[in-house]
Amino acid sequence: MIAIIFSLVIMAFEAWGLVYYFDTFADCRLKRKIFRFPILYASVLIVVFMIPKSASSYYELVKYAAMIALLVIYCILVYKAHHFQSIFLAIMNYTLLVMVDFTFVWIFGIDKNPSILTRLTWIMYRVVWILILMCIRKKLSGLKRYMMTNSVYLKGYIWFPLISSLFGLYYMGKVFRTLETSVFYSLISIAIIAINIVSLYFMLYMAEKEEKIKKAEFQLRKNQNQIQVFRDMQSLYERQGKKLHDYKKQLITLRGLLEEREVKSAINLTNELTESIDVEMSEINVGHPVVNAVLNQEHRIARGKGIGMIFSVGNADNIKLNDEEIVILFGNLLENAIHECEKVIKAKGKAAIHLKIANMDQNTVITVQNPILEPVTIKEGEVVNLRQEGHGIGLSNVKEVVEKYDGSFAVSCDEEFTAVVII
Amino acid sequence: MRVAICDDDETDAKRLRNLLEKYDDEHGIGFIIDEYLSGMDLLKFIRNNKNVDIIFLDINMNGMDGLDVARRIRKEAIDVPIVIVTAFINYALEGYKVQASRFLVKDELEKTFTECMDDMVRQIQHKKMNMIFSCVEGEVNLSLEHIIYIETNGHKSIIHMSDNTLNLYETMEMLEERLKNKGFLRVHKSYMVNMKHIHKINNYILQLDTGTEIRIPKARYKQVKQDYILYVGRAV
């Protein structure tokens with residue numbers, strides 16, 4: 001009876017700690033988060049009592065494998081984690097628990113007929129484990145954000161928990177077969193715990209570094225845009241200067257016509273001049289000042305490079321993005337298109353970008369299509385092998401903006417390159 | 001394909017005609033091109049003969065302007081694609097409000113015309129697309145846009161239209177090959193849907209505009225969503 005009560009208490013500690021670890025790195029998908037502990041506790045009890053207890057050392061191995069499987073399924077169902085994330089978190093989570101347990105087991109050994117004091121020390125091992133988890137949460141909670149948005153990081157780090165668990169399985173078999181104690185193996189357990197924690201630190205460090213690089217690139221792009229704006233303004237002033245010079249000449253001609261009483265010719269010339277000024281001054285207007293500014297700027301750049309633009313643009317005044325995000329989204333999409341069109345123009349002589357902005361069911365659909373010289377590879381909805389030119393980063397910035405608003409982003413490359421954003 | 005050009009400037013109209021003829025020579029579409037110097041003439045023609053496939057419309061015309069013409073065409077529920085061609089880019093949004101398909105700037109016409117026509121011709125051909133299916137009921141010539149979805153049932157496939165169903169002995173793989181790039185999407189090993197009739201995709205459930213729901217397997221979900229997003233982006 002006492003053994004059962006202690007087992008239930010120990011399993012409660014374990015379930016609580018496992019949930020605590022999952023909460024550190026993943027968001028719960030349940031509406032009533034309070035159920036996540038009882039669900040896991042009940043599942044652990046079922047698994048433990050389903051596996052027939054035997055004296056064989058393989059009992060612990062089977063229990064270990066079953067618990068990992070249970071935790072993977074639990075993580076997938078209860079947390080907003082992909083399969084890979086769930087496997088990573090589940091293996092690392094349970095391996096940490098097992099390794100902490102082993103650290104003490106290797107020092108104090110296994111008591112086949114444990115007293116109450118021994119059972120209390122087993123609870124103490126769990127307390128130590130929970131304290132370690134609390135330290136992990138305090139220092140590494142920032143990792144949650146990166147893990148939830150990008151499982152690419154995990155693929156490089158899955159080896160840490162996997163190899164740790166293999167070590168764990170080996171030593172588990174050894175300790176339960178031989179019942180010996182060893183400070184050396186205890187130190188190995190500590191080393192494995194440390195390696196896993198260090199790997200988490202490393203992941204966080206790399207993720208933060210990558211974010212800083214992205215921010216720096218974004219700032220660089222912003223500065224480049226600013227420089228481009230100034231260059232644009234400069235060329236606009238130069239163009240206006242030339243136009244004013246032309247208009248001055250036209251006005252002199254007009255004066256000449258009026259002096260010679262050639263009224264009809266004077267009227268025709270005035271009409272031509274007026275139309276020319278209207279064309280020069282006309283700009284895209286989609287109902288949003290920042291969208292207008294970006295589109296007009298990119299259109300001017302495209303025109304300057306001999307690239308045409310086809311428009312199917314609706315009202316963008318209800319677009320959900322803030323000013324910076326609008327610049328990132330439209331700026332990156334159109335810059336990529338312009339860059340590709342430049343290559344096409346060199347090879348084929350002409351190119352045009354097709355820009356669509358449409359409203360659909362309270363969403364804004366933005367499509368940019370452009371011809372390409374060489375098809376690019378699209379893998380899992382992302383362009384590969386463009387990082388060295390900076391364009392992969394541009395599209396990944398677009399993707400981040402879209403994901404922030406729970407929107408959709410897709411790219412394809414067959415006869416032409418198509419990028420679609422629904423936001 | 002019948003194309004109407006409406007522009008009171010004969011030079012601009014001729015320029016557009018030349019571009020159309022050049023495009024026709026390169027692609028062998030078979031255009032019949034009509035020119036109208038005023039919006040009223042165009043409207044008169046359309047009312048009497050609604051068999052126009054594309055209209056190229058200038059905005060700044062004497063009398064009735066192009067936007068007014070487009071509004072009247074839409075008011076009479078005529079669904080013909082309209083391409084606005086103008087020197088003034090600030091009319092882009094106005095063009096959208098009259099459901100113009102495209103908006104081209106006159107002084108970029110030579111650069112944009114081919115891309116625009118490729119897209120328009122593709123859309124028009126796609127809309128008119130018919131295919132012959134060997135059904136249990138016999139050979140049937142179906143307009144693809146009326147097919148809602150196709151499902152397999154044992155060795156047979158069932159084509160679901162808005163008002164009836166047809167059975168045929170083609171496998172889903174054969175149908176997928178035939179209907180590839182024609183607006184159909186394989187969402188399940190037993191289901192293929194016409195993307196035009198998708199109402200929404202959410203939480204692994206695809207809902208058609210008829211109310212039918214199809215569960216999408218997790219393994220296909222991401223790709224199905226991607227393909228649908230691309231379809232929506234191209235179709236708007």
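This is a predicted model: local features need pLDDT of at least 70, side-chain atom pairs count only at pLDDT 80 or more; totals for chains, interfaces and linings use all residues.
A residue counts as buried when its relative accessible area is under 20%.

Start with chain A. Its secondary structure comes to 13 helices and 7 strands. Of its 423 residues, 47% are buried. Now take the contacts in chain A with a separation of 6 or more. Residues 24 or more positions apart account for 76% of them.

Turn to chain B. Here there are 7 helices and 15 strands. The chain has 236 residues, and buried residues make up 51% of them. Consider the contacts in chain B between residues at least 6 apart in sequence. Residues at least 24 apart are joined by 53% of these.

Next comes the place where the chains meet. The size of an interface is often given as the accessible area lost when the parts come together. Between chain A and chain B the buried area is about 3,300 Å². Carbon and sulfur atoms give 59% of that area. Chain A brings 49 residues to the contact, and chain B brings 31 residues.

Polar links also cross this interface. Between chain A and chain B, 14 residue pairs are in polar contact, both residues being at pLDDT 80 or more. Several elements of chain A supply at least two residues each to the side that touches chain B. Among them are the helices α10 (263-281) and α11 (289-304). The largest share, 7 residues, comes from β2(A). By class, the side of chain A that touches chain B has 21 nonpolar, 18 polar and 10 charged residues.

Charged groups meet across the interface as well. The rule finds 4 salt bridges between chain A and chain B. One of them joins E415(A) to R122(B). The closest N and O atoms of E415(A) and R122(B) are 3.9 Å apart.

β1(A) is joined by 2 bridges to strand β5 (residues 102-105) of chain B. The two strands run antiparallel. F311(A) has F103(B), in β5(B), as its bridge partner.

Move on within chain B to strand β6 (residues 130-135). One face of β6(B) is covered and holds M131(B), F133(B) and C135(B). β6(B) pairs with strand β7 (residues 138-143) of chain B over 6 bridges, in the antiparallel sense. In this pairing, S134(B) stands opposite E139(B) of β7(B). A hairpin of 2 residues joins β6(B) to β7(B).

The last stop is the arginine. R186(B) is found in strand β11 (residues 184-188) of chain B. Is R186(B) buried or exposed? R186(B) has a relative accessible area of 10%, so it counts as buried. What does its side chain meet there? The side chains of R186(B) and E173(B) are joined by a polar contact of 3.1 Å. A polar atom of the R186(B) side chain also lies 2.8 Å from the backbone oxygen of K189(B). Leave aside the neighbours of R186(B) within four places in sequence. R186(B) is then in contact with M172(B), E173(B), E176(B), Y191(B), M192(B), R220(B) and V224(B).

Key. Residues are numbered from 1 along each chain as its sequence is written. Chains are lettered from A and ligands numbered from 1 in the order in which they are written. Side-chain values use heavy atoms; hydrogens and water are left out. Contact means heavy atoms within 4.5 Å. Buried area is the accessible area (1.4 Å probe) that two parts lose on being put together, summed over both. A salt bridge is a side-chain nitrogen of Lys or Arg within 4 Å of a carboxyl oxygen of Asp or Glu. A polar contact is a pair of N or O atoms within 3.5 Å; within protein, one must be able to donate a hydrogen and the other to accept it, and residues adjacent in sequence count only if both atoms are side-chain atoms. Helices (H or I, at least four residues) and strands (E, at least two) are DSSP runs, numbered from the N terminus. Ala, Val, Leu, Ile, Met, Phe, Trp, Tyr, Cys and Pro count as nonpolar, Asp, Glu, Lys and Arg as charged, and the others, Gly among them, as polar. Two strands pair if DSSP finds at least two bridges between them. Buried means under 20% relative accessible area, exposed over 50%, partly exposed in between (1.4 Å probe, protein chains only).
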